[in-house]
Amino acid sequence: MDDAPVVELIDVSKVYQMKAGDVYALNHVNFSVKRGEFVAIMGPSGSGKSTLMNMIECLDVPTSGTIKINGVSTTDMTDDELTEYRLNTIGFIFQKFNLISLLTAYENVEYPLILKYGQRDHSERVKKLLTMVGFTEDRMQHTPYELSGGQQQRVSIARALANDPTFLLCDEPTGNLDSKMSTQIMEILSDLHKQGRTLVMVTHNPETAEYADRVIIIRDGEIVGEE
Amino acid sequence: MIIALALRNLKLNKFRTILSMIGIVIGVFAICSMGMVSAGFTDELDNMISDTADTLTLSPLGEKVVGGATAVGFSEKDVRNIELATKSVTKEYSLIPYYTTYKPVTIGKEMGTVSVYGLESNDMGPLVTLVSGTWPKGGTNVIVGEQFAEDNDLRIGSRISFLGVNGQEITCRVVGLMENTGMLTFGISTDNSVLGTTEWYSSIVGNNHGLYNNIIIKAADPTKLAAIDEAIDKKMNGKPDKDSDDTVSILNSYELMDIFDEMMNMSSIFTTIISAISLLVAAVAITNVMLMSVKERTREVGILRSIGTYRSQILQMFLYEAGLIGLIGSIIGAIISLIIAPIFMIIMGLTFSAVFSISVLLYIPLGIAVGLVVCLASGLYPAWKAANLNPVEAMSTD
């Protein structure tokens with residue numbers, strides 16, 4: 001099982017039935033991501049990146065084809081099983097950070113730990129993760145509204161790492177940041193990759209894609225190239 | 001953490017939370033207070049019925065011409081006939097004719113009105129309980145109700161004055177205190193009363209042309225009451241199918257209980273309708289607030305789902321919110337009831353023990369439970385809706 005690709009898409013299609021006819025958001029897509037790889041999926045708006053992302057996230061199901069995470073097909077999983085996968089296997093980093101506004105930075109990182117291990121003292125791990133992404137302790141009790149975009153994305157990365165996931169899934173992680181902050185965030189992601197983490201990143205920014213080992217180009221729902 | 005999220009959302013929207021809570025406060029207040037008042041009166045009447053289960057109260061019907069004047073009451077002949085009817089059923093009974101009216105009274109410099117009763121000395125014992133002092137044997141000695149004594153700062157040896165039949169002031173001496181019977185009672189309510197001998201009564205009120213105002217019959221065996229009732233009715237009230245020739249109205253505790261039960265049932269239906277309307281309004285308000293909350297937090301639900309929160313946990317989060325509104329609102333409603341309902345019941349003349357009896361206080365947890373269940377039921381659909389949101393669509397909501 002360890003040799004199996006972390007993510008594997010086999011002939012995956014997603015079809016939306018519209019009045020004007022079927023629209024292929026993904027058209028017979030095949031690719032895999034090995035353990036320890038940093039793969040970027042790049043393409044313009046409307047190319048099918050987000051749909052592909054939702055499939056890998058286990059938030060959406062393909063019309064046909066198979067998606068395997070750690071060698072296990074997610075096709076026939078129940079909602080609870082898919083949720084468990086998201087909790088334990090995947091760490092998400094979003095373009096809009098997607099922190100929970102009612103919780104502090106500390107609690108946002110603590111939240112997945114509580115979901116997985118229950119209510120107990122997670123302070124050591126939470127502080128370690130937040131420090132690792134360059135987040136200072138004096139801001140840990142701040143809510144997302146009191147943080148800059150870069151700080152929010154750091155918290156988001158710490159939250160993604162909380163349950164030590166098999167891979168990190170990054171959706172335009174620098175899309176809402178200025179260039180200086182973008183570089184800092186990409187440096188953090190690059191460091192994580194160097195530590196052996198598997199990363200899958202969706203982006204339309206070539207500069208960001210340069211950090212990846214491999215870049216998969218997607219257009220009109222089809223993989224059109226690999227660099 | 002799920003509870004913390006629910007709590008923080010309620011705090012964040014304090015004003016909206018309070019508004020939605022008001023409905024449930026009113027609903028629970030309606031259930032608790034009306035239930036408590038109803039139970040209090042029922043308890044009090046139950047006690048009274050058990051205390052007077054051996055009693056028939058007779059009131060006169062129709063006017064009599066006595067010495068050229070008309071008056072209402074029982075003549076000596078009526079008393080003899082009623083006694084004969086009673087004797088035909090049982091030999092063990094007490095038949096107590098008495099005089100009664102309301103009369104202005106002066107206590108020191110204060111004036112008021114009090115119920116006055118005139119009885120034969122040997123009839124007092126079976127009818128009222130003396131808690132201190134002695135029975136009035138004659139002259140201007142009287143006994144008063146404990147409540148009346150307390151309200152007017154009277155004790156044994158105190159003096160009270162009435163205006164006599166000839167216009168002269170008659171000063172009476174309190175020689176004993178009667179146990180309170182409460183305002184809801186058969187025959188003699190001692191709470192605001194002065195009781196003396198028939199001679200004393202004649203001196204301050206007159207003797208009603210020799211006609212007694214009421215008669216109380218107590219049977220040693222309460223099971224004989226129905227038969228006594230029937231015998232008196234047969235002897236005194238002429239033809240059974242004709243009411244106009246009746247001379248006696250007979251009230252027994254069970255008939256009163258039936259009347260009261262009917263009243264309480266009507267009141268209970270009314271209470272239920274009022275409470276149901278209040279709770280329905282509250283339920284609609286809470287459902288509305290919860291639906292708004294789900295709509296506002298759609299994106300948050302999407303995020304929570306995407307990072308591994310189960311549907312059941314989303315459901316729980318919104319149910320906690322509805323439950324917290326319900327619990328806090330219900331507790332406030334119950335506390336308000338616990339303050340207002342007893343005050344109302346005491347003003348209405350219920351005793352302290354009836355006001356705080358278990359059957360009355362049971363309405364507090366009952367009201368809280370109903371409020372909580374209504375809120376949870378109101379929150380169920382919005383919570384279900386939130387739990388079943390599509391995470392992808394939810395996250396794309398701004």
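User: In what order do the strands of the open sheet of 4 strands in chain A stand?

Analyst: In this predicted model, chain A holds an open sheet of 4 strands with antiparallel pairing. Its edges are strand E2 (21-33) and strand E5 (72-73), each of which pairs on one side only. The order of the strands is E2-E1-E4-E5.

User: Which residue stands opposite A:Ile69 in E5(A)?

Analyst: Strand E4 (residues 64-69) of chain A is joined to E5(A) by 2 bridges, and the two strands run antiparallel. The residue of E5(A) that stands opposite A:Ile69 is A:Val72.

User: Is A:Asn98 buried or exposed?

Analyst: A:Asn98 is found in the loop between strand E6 (90-93) and helix H3 (105-117) of chain A. Its phi is near 50°, a positive value in a residue other than glycine. A residue is buried if 20 or more other C-beta atoms lie within 10 Å of its own. Because A:Asn98 has 23 C-beta neighbours inside 10 Å, it counts as buried.

User: How does A:Asp220 count: buried, exposed or partly exposed?

Analyst: A:Asp220 lies in the loop between strand E9 (214-219) and strand E10 (222-226) of chain A. Phi of A:Asp220 is near 50°, again a positive value in a residue other than glycine. The class between buried, at 20 or more neighbours, and exposed, at 12 or fewer, is partly exposed. A:Asp220 has 14 C-beta neighbours inside 10 Å, so it counts as partly exposed.

User: Which residues does A:Val200 touch, not counting residues up to four places away in sequence?

Analyst: Not counting residues up to four places away in sequence, A:Val200 touches A:Val7, A:Val33, A:Val39, A:Ile56, A:Phe167 and A:Leu169.

User: How many nonpolar residues are on the side of chain B that touches chain A?

Analyst: In the contact between the chains, 17 residues of chain B meet 18 residues of chain A. Helix H1 (2-12), helix H9 (298-306) and helix H14 (391-395) of chain B are the elements that give two or more residues to the chain B side. By class, this side has 4 polar residues, 3 charged residues and, as the number asked for, 10 nonpolar residues.

Note on methods
Residues numbered from 1 in each chain as written. Chains lettered and ligands numbered in written order. Predicted model: local features only at pLDDT ≥ 70, side-chain atom pairs only at ≥ 80, totals over all residues. Contact = placed C-beta atoms within 7 Å. Pairing = 2+ DSSP bridges. Nonpolar A, V, L, I, M, F, W, Y, C, P; charged D, E, K, R; others polar.
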